[in-house]
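This briefing is meant to be read with the sequence and the three-dimensional view side by side. Please look at both before turning to the points that follow.

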Amino acid sequence: MSRSGQVRIRLLSPEMLGRRFQYAFLSFSDYVEVRPDLGEAVFPSPDEYVRAVEEALAAIVEGLSWPEPSKESKCPRPTVSVGGWSIDCSRLDRGPSLYQLGSKSDAAILQGAGLSRCAYVTRACKTTVAWTHAAVSYALEVIRRGGPLGGEAGLEIPWLARASLFSRVRSVRGPTEAKGARIDADTLGTILLGGALSYLGSWRVDSGRQASELEFYVLPDYPSRAYRVLRQIAASGGIRDNLAAKAVRLLRELSVSYEQALAVAVASQVYSHAATARRAGVEVDEALAAGKLYTVQPGRRAQVRAGVPLTNVLLRVYSEETLRSLDIFVSQAIRQRDREAGNAAKNAASECVNSLFMQALSGGSGDLYLRDCARALAALHSYDKAPHQLRRSAAILLGRLEWEAARIIRSRR
């Protein structure tokens, strides 16, 4: 694993989802040398490896921690402390799904690797293993030892990591290379860390007439500082309010497409956290181009859907003030409890999301789609059953759209 002070990590086959997980983790080091042709990543020293693991651990704990558990909970609250780290494992989301096909179990792989320092406790107060908790356990052991764990390649590859990104090589048993393949503890650790880093939660999503549980991941095509920034922007807001959570909330509550919901969610995350990119010296468009949003449908085996590019289409056309006004109005519309006012507000919000999205795609040419949103807002503003705060937000957004429409009309002259 290490020669002359270097740390060498084996990379999985390029078509495996696990390779992208490793790329997500490797993006947390500015000094690692990635050699795709040789199937390895080389850290210059154990210290640099530990530093990358610590950076990844901090990002995971921040992004995948839930609020404090209920005080009425009778289950134990396992807390682990290593060095200067103290982590309440009961607050961590369990992360990516674990699978079992036949006699081969992901849980058995994690238990066999001894990655149970940070325990996952079920609602029935039973202690078991989970992906995030195993990743944290690995990180804490690396920090405790001051370097990689080493050891022989005797561990199997988790089923999710074996899943193929390309349909031509997808099969029930995974890529050919995965059959009988064995990895060491550090390769497994980088897979687990990257999977937890890229994970944005599991949400129930309606797709036509069918609702399904989907897991969301923001994954890079290659390690980069830009991806590190993208991941930070996407995960901002925590497990309840990150990029995927916002997009799914719009899909559930409004009559909008997946592309429209994602565009609004991306714009919201970007203008709220643009300073993150500036501090890292990365342009927003560069960060968004560094990865894609993938969905995985759990079941007997993981089914990976095609990655959706993350674009800044709305911020390229509208001002930050306009998008902030849209964000506030949509959030208030979704929260309305009165049935009549809520329906009117959601209809207006759906119309506005659609109008702004269509206008952004058409640019300054074609129909002025913003008029449809403006009419819906004007009607809601005059609706006496709507709460004052909602009507005020509608008026503010209407004013912003009048400014945007005037600007578009001037650009046509």
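Over residues 168-176 the pLDDT stays under 50, and for this stretch the model has 21 contacts beyond four places in sequence. The structure is a predicted model, and across the chain the pLDDT averages 88, with 92% of the residues scoring at least 70.

**Overall fold and dimensions**

- The secondary structure of the chain comes to 15 helices and 14 strands. The radius of gyration is 23 Å, close to the 22 Å that the globule rule gives for 413 residues, so the chain is as compact as a globular protein of that length.
- Taken along its principal axes, the C-alpha trace of the chain spans about 70 × 50 × 45 Å.
- When contacts in the chain between residues at least 6 apart in sequence are considered, 69% of them join residues at least 24 apart.

**Burial, surface and charge**

**Helix α6: T190 and S198**

- T190 lies in helix α6, which covers residues 185-198, and T190 is buried because its relative accessible area is 1%, under the 20% cut-off.
- Not counting residues up to four places away in sequence, T190 touches I9, F21, Q22, F25 and Y49.
- S198 also has its place in helix α6, and with 0% relative accessibility S198 counts as buried.

**Helix α5: A161**

- A161 sits in helix α5, made up of residues 159-162, and A161 is buried, with a relative accessible area of 0%.
- Once neighbours within four places in sequence are left aside, the contacts of A161 are with L12, M16, L17, G18 and I191.
- A161 and D37 are 124 residues apart along the chain, and their C-alpha atoms are separated by 19 Å.

**Loop between β8 and β9: C125**

- C125 is found in the loop between strand β8 (120-121) and strand β9 (127-128), where the phi angle of C125 is near 65 degrees, a positive value in a residue other than glycine.
- C125 counts as partly exposed because its relative accessible area is 33%, which falls between the 20% limit for buried residues and the 50% limit for exposed ones.

**Strand β14: P309**

- P309 belongs to strand β14, which consists of residues 308-309, and P309 counts as exposed because its relative accessibility is 51%, over the 50% cut-off.
- P309 and L262 are 47 residues apart in sequence, and in space they are 10.0 Å apart from C-alpha to C-alpha.

Key:
Residues are numbered from 1 along each chain as its sequence is written. This is a predicted model: local features need pLDDT of at least 70, side-chain atom pairs count only at pLDDT 80 or more; totals for chains, interfaces and linings use all residues. Side-chain values use heavy atoms; hydrogens and water are left out. Helices (H or I, at least four residues) and strands (E, at least two) are DSSP runs, numbered from the N terminus. The radius of gyration is taken over C-alpha atoms; the globule rule is 2.2 Å times the number of residues to the power 0.38. Contact means heavy atoms within 4.5 Å. pLDDT is the predictor's confidence in each residue, from 0 to 100. Buried means under 20% relative accessible area, exposed over 50%, partly exposed in between (1.4 Å probe, protein chains only).
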